[in-house]
Amino acid sequence: MMARLPLILGLLLALPAGAEELRVVPGAGTLQTAIAGASPGDVLILEGGAYLGAVTIDRSLTLEGRRGAEIDALGQGTVITITADDVVVRGLTVTGSGENGEALDAGIKIVKGADRALIEGNRLVENLHGVDVHGGLDAVVRGNSITGTQNPRMNDRGNGIYVWNSPGTLVEDNEVRYGRDGIFSNASRDGTYRNNLFRDLRFAVHYMYTNNSEVSGNVSIGNHLGFALMFSDRIVLKDNLSLGDRGQGVMLNYANNADVAGNLVRGGAEKCLFIYNAHKNLIWNNRFEGCDIGIHFTAGSERNVLTENAFIGNRTQVKYVGTRNIEWSFEGKGNFWSDHPAFDLDGDGIADSQFRPNDLMDHILWSQPAASLLLGAPAVQLIRWSQANFPATLPGGVIDSHPLMTPNVIPVPAELAAMEAEVAGRWDEEGYDDIDVDDIAAH
């Protein structure tokens, strides 16, 4: 008894003065009745079983589920709607939302004016949207398992976590699978989205008009696109993994002043990194490996710094169509290129010759794909030999004046590598509806 005394005292001190711990039994309407009879600060303990019908939490309460406690809205509206400050929802299975896209039906919805909500350790299954943070400030969505719907039309599904106009949101340590986007953040700011796992989605993280926030330590496996930063400023995108994503690992589309560092994009992607009309971004210490195109750089992107990245085994390392020369090194350090036959006589780790990933024939092939039939022609080989030996004949393009001799290494834990192996090569076999991520970028 003495050994348990500190725990009992801790639980009592955790409750606000006058608050009670109330037991709720399963049934239709029992939970909403319990909420109506509770006082702010009370803790409602939901015994195992099904609680039928949608509920609204209109006062500062904690809902905590025992094993097997499930709230089921039976296909009508949002399962749990939070309209009060300082609400906690923990340890529940939440299921059975409606499918009304205009109403944004969800497993859990936090509305404007409901601040500091904590959604933790729940299992959300078969809801249109998993968690909809819709105007509430400083919400925390942590440690939840969210499994969305599998409508054959991916664009008709909902998002795992939808953040709209909700400054200060923290989303961490969640697992999201199926549905449309893992996290869709729109018209928000000052958020932190970290250490989440995303699988079998359209986008892992999708930003629209979201400023001054951080996306870090997340893992995207087997999605159409990993991390899409669009129309957003001052983003930190660091230490994320994109493994076996289909279209692109990272997209910067009208994204400015971002710090993109320590990310790994590997395998499967048509483009490891796509930069479209994005300016003044620092892109450093990333590893882009095994894509059709390592980086596609287009639409007048200006004043970006690319340094200490590794471009390894991409079919085309860089696709840039332009007449200007663009330097991709900074303060004497460039990037590592796996196809650069470099030498380093002074042993300083910097190659003794500059590297240009593209030549005139690349530009011709991008604009006239049918010209690929002539790649083996002697005239083409003569042009490439001339440009390699007489650089003045080269067109405008990317120049790395200080290529690195060794690449950076970004490790992948064994359990994630196993998931990556599961999705390798499956895109040609499975019948997902086709999503043109390049067209999304252009609009």
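Tutor: The chain averages a pLDDT of 88, and 83% of the residues score at least 70. pLDDT is the predictor's confidence in each residue, from 0 to 100. This is a predicted model, where local features need pLDDT of at least 70, side-chain atom pairs count only at pLDDT 80 or more, and totals for chains, interfaces and linings use all residues. Residues are numbered from 1 along each chain as its sequence is written, and side-chain values use heavy atoms, with hydrogens and water left out.

Student: Why are C272 and C291 called a disulfide?

Tutor: A disulfide is a pair of cysteine sulfur atoms within 2.5 Å. The sulfur atoms of C272 and C291 are 2.0 Å apart, so the pair qualifies. A search of the whole structure finds 1 disulfide.

Student: What makes the disulfide of C272 and C291 right-handed?

Tutor: The torsion about its S-S bond is about 90°, so it is right-handed.

Student: Why do R266 and E420 count as a salt bridge?

Tutor: The rule asks for a side-chain nitrogen of Lys or Arg within 4 Å of a carboxyl oxygen of Asp or Glu. The closest N and O atoms of R266 and E420 are 2.6 Å apart, so the pair meets it. By this rule the count comes to 20 salt bridges.

Student: How do you know whether E420 is buried or exposed?

Tutor: Buried means under 20% relative accessible area, exposed over 50%, partly exposed in between (1.4 Å probe, protein chains only). E420 has 14%, so E420 is buried. R266 has 23%, so R266 counts as partly exposed.
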